[in-house]
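Me: I have a structure open and would like to learn how to read it. Can we go through it feature by feature?

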Amino acid sequence: MYFVDRSAVVLKPTARFLEWLKAADENMPDLTLEQLRSNCSVFLVPESDTPEAVVAYFDERYRQIFEAELASWDIDQKNWPQDMGLNVFWDFFDIEVHDMVLDMEEADLSVSPVFDNMM
């Protein structure tokens with residue numbers, strides 16, 4: 001077991017995100033908020049001493065994170081929210097910060113760009 005020099009942040013969609021998702025895709029399965037929040041994106045960020053530091057980190061990068069989350073649902077960009085500002089991002093998502101990240105494997109991690117795989 002190995003310590004990883006990162007904090008883990010779970011990005012959890014809110015009810016507002018679920019409302020948008022259902023409105024953006026009429027063929028969306030009937031998801032509940034509980035289902036939506038049960039399998040979320042996890043971001044590894046620099047180790048932080050406080051949750052506020054993690055929020056500040058996300059504030060600086062919210063647009064990239066926002067676009068990656070929307071793209072992961074395979075919804076046409078024309079149906080993305082008109083306003084994708086910082087306040088909307090925080091209306092659409094909550095975060096859960098974990099400061100201890102452990103790797104159970106000795107093997108090197110494989111890293112690849114997100115957008116190359118999504119778009």
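**Reading the model**

Reply: Start with one residue. Setting aside neighbours within four places in sequence, Lys-12 is in contact (heavy atoms within 4.5 Å) with Arg-37, Cys-40, Phe-92, Phe-93, Asp-94 and Glu-96. Lys-12 belongs to strand 2. Helices (H or I, at least four residues) and strands (E, at least two) are DSSP runs, numbered from the N terminus.

Me: What ground rules apply here?

Reply: This is a predicted model, where local features need pLDDT of at least 70, side-chain atom pairs count only at pLDDT 80 or more, and totals for chains, interfaces and linings use all residues. Residues are numbered from 1 along each chain as its sequence is written, and side-chain values use heavy atoms, with hydrogens and water left out.

Me: Where is confidence lowest, and where highest?

Reply: pLDDT is the predictor's confidence in each residue, from 0 to 100. Helix 5 (residues 114-118) is lowest, at a mean of 57, and helix 4 is highest, at 98. The mean for the protein is 90, and 95% of its residues reach 70 or more.

Me: Is Lys-12 buried or exposed?

Reply: Buried means under 20% relative accessible area, exposed over 50%, and partly exposed in between (1.4 Å probe, protein chains only). Lys-12 counts as buried because its relative accessibility is 17%. Compare Leu-33, in helix 2 (residues 33-36). Leu-33 is partly exposed, at 28%. Its listed contacts, beyond four places in sequence, are Pro-13, Thr-14, Ala-15 and Leu-18.

Me: What does Phe-66 touch?

Reply: Beyond four places in sequence, Phe-66 is in contact with Met-84, Gly-85, Val-88, Phe-89, Phe-92 and Phe-93. Phe-66 is one of the buried residues of helix 3, which also include Val-54, Phe-58 and Tyr-62.

Me: Where is helix 3 kinked?

Reply: The bend at a residue is the angle between axes fitted to the seven residues ending there and the seven starting there. In helix 3 the kink is about 75°, centred on Arg-61.
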